Amino acid sequence: DVEKPTYLTSLTPFYTDYGSTKLTGVVLQDKLGNSYFDCIEYIGGHFDLKKNNISTFKKRDTYVIGGKYSTFSGTVFVPDTRTSFWDTEISDQDKSKGSFALRIYGDDRLLYQSPVMISTQYPVVFELDVSGVDQLSIAWATFSDVTAEIGLADACLYKD
């Protein structure tokens with residue numbers, strides 16, 4: 001008898017810290033036309049370009065999962081609604097400033113960092129060992145002076 005996964009969208013964060021927007025339970029498409037259902041769309045605010053430091057991820061949601069799960073998996077992607085401004089209007093050297101990244105922490109220990117997601121980035125599937133993790137945090141940062149989005153689809157927690 002296989003136990004059903006727990007979708008992250010079905011959980012309420014214990015703690016949130018962000019000055020931007022997050023949409024939960026939305027249907028999105030990526031740049032390749034793949035559809036994702038029951039997604040979380042993180043919409044980044046402005047990031048200080050002078051401190052373009054990927055180690056600063058201040059926007060986050062923290063979920064108490066109480067050590068009940070062994071695996072957390074999902075897909076990180078760039079929604080097709082994201083502007084292609086970064087592909088056409090700025091130089092390759094500056095594209096990283098229009099990027100977005102997502103990090104996943106287990107009890108404040110970094111478990112995963114997505115690639116830097118510019119609008120041409122392909123979706124990335126991840127699977128993480130969260131055995132014994134009490135608090136799971138999803139943190140995001142945008143490195144731009146405009147709003148950017150990143151999607152998280154099929155974000156599921158699995159028991160052994």
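A: This is a predicted model. Thr71 touches Glu127, Leu128, Val130, Cys156, Leu157 and Tyr158, leaving out residues up to four places away in sequence.

Q: Which strand is Thr71 in, and is Thr71 buried or exposed?

A: Thr71 belongs to strand β6. Its relative accessible area is 19%, and the cut-off for buried is under 20%, so Thr71 counts as buried.

Q: OK, aromatics next. How many aromatic pairs turn up in the whole structure?

A: The search finds three aromatic pairs. In one of them, the rings of Tyr36 and Phe77 have centres 4.3 Å apart and planes at 20°, so this pair is stacked. Tyr36 is in strand β4 and Phe77 in strand β6, 41 residues apart, and the pair links distant parts of the chain.

Q: Is Phe77 buried or exposed?

A: Phe77 is buried, at 0% relative accessibility.

Q: What about Phe72 and Phe126, how are those rings arranged?

A: Phe72 and Phe126 make a tilted pair, 5.5 Å centre to centre with 55° between the planes. This pair also links distant parts of the chain: Phe72 comes from strand β6 and Phe126 from strand β9, 54 residues apart.

Q: Why do Phe72 and Phe126 count as buried?

A: Buried means under 20% relative accessible area. Phe72 has 0%, so it counts as buried, and Phe126 has 4%, so it does too.

Q: Which residues form the aromatic cluster with Phe72?

A: Phe72, Tyr112 and Phe126 form one aromatic cluster.

Q: Back to Tyr36. What does Tyr36 touch?

A: Not counting residues up to four places away in sequence, Tyr36 is in contact with Val26, Val27, Leu28, Asp30, Thr75, Phe77, Pro123, Ala153 and Asp154. With Asp30 there is a polar contact between the two side chains, at 2.8 Å.

Q: And is Tyr36 buried or exposed?

A: Tyr36 is buried, with 9% relative accessibility.

Q: How far apart are the C-alpha atoms of Tyr36 and Leu152?

A: They are separated by 8.9 Å, while the two residues are 116 residues apart along the chain.

Q: What is the phi of Asp38?

A: Phi of Asp38 is near 55°, again a positive value in a residue other than glycine. Asp38 is in strand β4, and at 33% relative accessibility it counts as partly exposed.

Q: Let's move to the core. Which residues in the largest nonpolar core touch the most other members?

A: That core has 26 residues, and Leu8, Tyr42, Phe72 and Ile104 touch the most other members. Strands β4 (35–43), β6 (71–77), β7, β9 (124–129), β10 (135–143) and β11 (149–158) each supply at least two of its residues.

Q: Which strand gives the most to this core?

A: Strand β11 does, with four residues.

Q: What is Ile104 in contact with?

A: Leaving out neighbours within four places in sequence, Ile104 contacts Phe72, Arg109, Leu110, Leu111, Tyr112, Phe126, Leu128, Leu136, Ser137 and Ile138.

Q: Which residues are in the other core?

A: The other core lies apart from the largest one and has five residues, among them Leu28, Cys39, Phe77 and Ala153.

Q: Last one, Arg103. Where is Arg103, and how far away is the nearest side chain of opposite charge?

A: Arg103 is in strand β7 (residues 99–106). The nearest side chain of opposite charge is that of Asp108, 11 Å away. A salt bridge would need a side-chain nitrogen of Lys or Arg within 4 Å of a carboxyl oxygen of Asp or Glu, so Arg103 is buried yet has no salt bridge.

Q: What does the side chain of Arg103 make a polar contact with?

A: The partner is the side chain of Gln113, at 2.4 Å.

Terms used
Residues are numbered from 1 along each chain as its sequence is written. This is a predicted model: local features need pLDDT of at least 70, side-chain atom pairs count only at pLDDT 80 or more; totals for chains, interfaces and linings use all residues. Side-chain values use heavy atoms; hydrogens and water are left out. Buried means under 20% relative accessible area, exposed over 50%, partly exposed in between (1.4 Å probe, protein chains only). Lys and Arg count as positive and Asp and Glu as negative; His and the chain ends are not counted. A polar contact is a pair of N or O atoms within 3.5 Å; within protein, one must be able to donate a hydrogen and the other to accept it, and residues adjacent in sequence count only if both atoms are side-chain atoms. A nonpolar core is a set of buried Ala, Val, Leu, Ile, Met, Phe, Trp, Tyr and Cys residues joined through side-chain atoms within 4.5 Å. Contact means heavy atoms within 4.5 Å. Rings of Phe, Tyr and Trp (its six-membered ring) pair if their centres lie within 6.5 Å; planes under 30 degrees apart count as stacked, over 60 as edge-to-face and the rest as tilted.
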